[in-house]
Amino acid sequence: MSLRLHSLPNGFRIVTEAMPGLKSASIGIWVGAGGRHELPQQNGIAHFLEHMAFKGTKRRSALQIAEEIEDVGGYINAYTSREMTAYYARCLSADVPRALDVISDIVLNPVFRKADIETERHVILQEIGQALDTPDDIIFDWLHEVSYPDQPFGRTILGPEERVQAFSKRDFEAFVGQHYGPDQMILSAAGGVSHDDIVAAAEAIFGGLKPVGGAKVAPARFHGGERREIKDLEQAHFALSFEAPGYRDDKVYAAQVYSTALGGGMSSRLFQKIREDRGLCYSIYAQSGAYEDTGQVTIYAGTSGEEIGDLTQLTMDELKRAADDMTEAEVARSRAQLRAGLLMGLESPSSRAERNARLLSIWGRVPDVDEAVAKIDAVSTADVRSYAGEMAGARVALALYGPVGAAPGIDDIRRGLLA
């Protein structure tokens with residue numbers, strides 16, 4: 001692998017990673033404009049804007065955008081997260097210039113026609129409705145809201161219906177003008193790519209743009225809380241989260257090993273105790289998620305309304321037990337799962353391009369994969385037990401959905417963890 005970086009005078013950054021032997025590539029633009037960059041009255045606009053990029057530019061119609069990539073067998077898409085919006089394509093190596101031309105066009109030259117805004121507004125309202133009808137999807141939005149209440153980081157990516165109903169062309173143009181400057185963008189490409197060719201193309205396309213200045217965001221503050229939505233569903237959905245380290249904290253690796261041992265696979269403690277031994281659920285897992293300045297260890301399960309009390313108690317028991325008897329074998333297995341997941345995932349150029357953009361945005365550099373593997377391997381059983389012990393006093397958030405009227409609440413969980 002050959003990773004190379006380049007910055008234009010206006011702050012636009014380029015990172016490429018050549019992967020010898022590949023005849024395909026992934027290329028995209030990552031913009032530092034996500035949900036946490038929105039003002040309260042803008043909630044949902046970053047995601048709406050991502051949709052509008054595909055509705056037409058000064059040079060291409062919506063159909064032409066799709067056809068130009070798909071005519072050569074490629075794939076184009078985008079996503080909005082709390083910290084970034086990404087526009088990317090996967091194509092054959094020979095078609096990388098075409099893909100970059102299309103992506104840069106939709107990012108820099110959207111036209112925001114009134115008819116297109118109304119069409120996409122309806123699409124997004126349907127998307128919101130679909131999320132509300134998907135309990136094991138919407139519960140994580142609610143969990144995030146109670147984890148980070150009354151702050152941009154905690155708001156839903158899709159936004160509330162009333163805000164989506166109100167956005168206008170002027171709103172989109174204002175958000176673009178504030179956040180879509182070259183100094184807020186990263187062009188990342190991986191696979192069968194030429195760094196020099198991509199830099200030359202990027203200089204021609206982005207070199208003349210003026211920087212907009214650093215995007216100011218409020219620090220994320222995990223507070224915790226509870227949201228309980230009682231509804232006549234077949235399953236009671238249970239989601240619990242604890243404050244965890246962000247990417248800048250080396251304890252993030254202990255959190256990842258801990259959450260994997262707790263609920264990261266079929267051999268994990270929660271799966272074995274709650275599903276295999278007791279049969280209380282079909283799905284249960286734990287995972288560790290990290291952002292630039294915060295993180296969460298999250299546990300999710302779906303069970304019946306009658307058994308959610310037992311599931312909650314067993315979950316608390318496993319959380320407390322991990323601090324005392326997490327074994328060397330469990331920690332070694334978790335490290336192996338994380339290591340293999342990282343390395344196998346990075347065999348894909350799309351994963352490489354995304355990882356490089358994400359890490360460059362956080363660190364200003366791209367740490368070598370071997371560096372991440374070494375930090376995973378350095379996590380000891382003592383580190384995991386120590387981290388597990390901290391969970392008892394960590395801030396906690398709880399979201400419940402379905403037949404959950406009799407489910408234990410957040411105060412019950414706090415007391416149970418400290419008992």
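This is a predicted model: local features need pLDDT of at least 70, side-chain atom pairs count only at pLDDT 80 or more; totals for chains, interfaces and linings use all residues.
Q: Which residues of helix 16 are buried?
A: Helix 16 covers residues 410-418, and its buried residues are Ile410, Ile413, Gly416 and Leu417. Buried means under 20% relative accessible area, exposed means over 50%, and partly exposed lies in between (1.4 Å probe, protein chains only). Helices (H or I, at least four residues) and strands (E, at least two) are DSSP runs, numbered from the N terminus.

Q: Why do they line one face of the helix?
A: Seen down the axis of helix 16, the buried residues fall within an arc of 125°, so they line one face. The arc is that of the directions from the helix axis to the C-beta atoms. An α-helix has 3.6 residues a turn, so residues three or four places apart point the same way.

Q: What is exposed on the other side?
A: Arg415 and Leu418 are exposed there.

Q: And what do the buried ones pack against?
A: The partners are strand 7 (225-230), strand 8 (236-244), helix 11 (308-325), helix 15 (381-391) and strand 11 (396-402). Contact here means heavy atoms within 4.5 Å.

Q: New topic: which residues touch the most other members of the largest nonpolar core?
A: Of its 49 residues, these are Ile27, Tyr87, Phe172, Tyr180 and Leu187. Helix 3 (residues 96-108) gives the most to this core, with 7 residues. A nonpolar core is a set of buried Ala, Val, Leu, Ile, Met, Phe, Trp, Tyr and Cys residues joined through side-chain atoms within 4.5 Å. Apart from this core lies another, of 46 residues, and Ile410 is among them.

Q: What does tyrosine 180 touch?
A: Leaving out residues up to four places away in sequence, tyrosine 180 touches Val31, Ala33, Leu49, Thr85, Tyr87, Val107, Phe175 and Met185. Tyr180 also lines the second largest cavity, together with Leu49, Ala53, Tyr87, Ile106, Val107, Pro110 and Val176.

Q: How many cavities of 30 Å³ or more are there?
A: There are 2. On a 1 Å grid over the protein atoms alone, a cavity is a set of points where a 1.4 Å probe fits but cannot get out, while a pocket is an open set with protein on both sides within 12 Å along at least five of seven lines; lining residues have an atom within 4 Å of a point.

Q: What volume does the largest cavity have?
A: The volume of the largest cavity is about 60 Å³, and the second largest cavity holds about 40 Å³. A volume is the space filled by probe spheres set on the grid points, which are joined across faces, edges and corners.

Q: Which helix gives the most to the lining of the largest cavity?
A: Helix 12 does, with 4 residues.

Q: Which residues are closest to the centre of the second largest pocket?
A: That pocket has about 330 Å³ of space. Of its 18 lining residues, Gly32, His37, Glu83, Glu292 and Ser361 are the closest to the centre.

Q: Where does cysteine 281 lie?
A: Cysteine 281 lies in the loop between helix 10 (269-277) and strand 9 (284-290). Cysteine 281 is buried, with a relative accessible area of 10%.

Key:
Residues are numbered from 1 along each chain as its sequence is written. Side-chain values use heavy atoms; hydrogens and water are left out.
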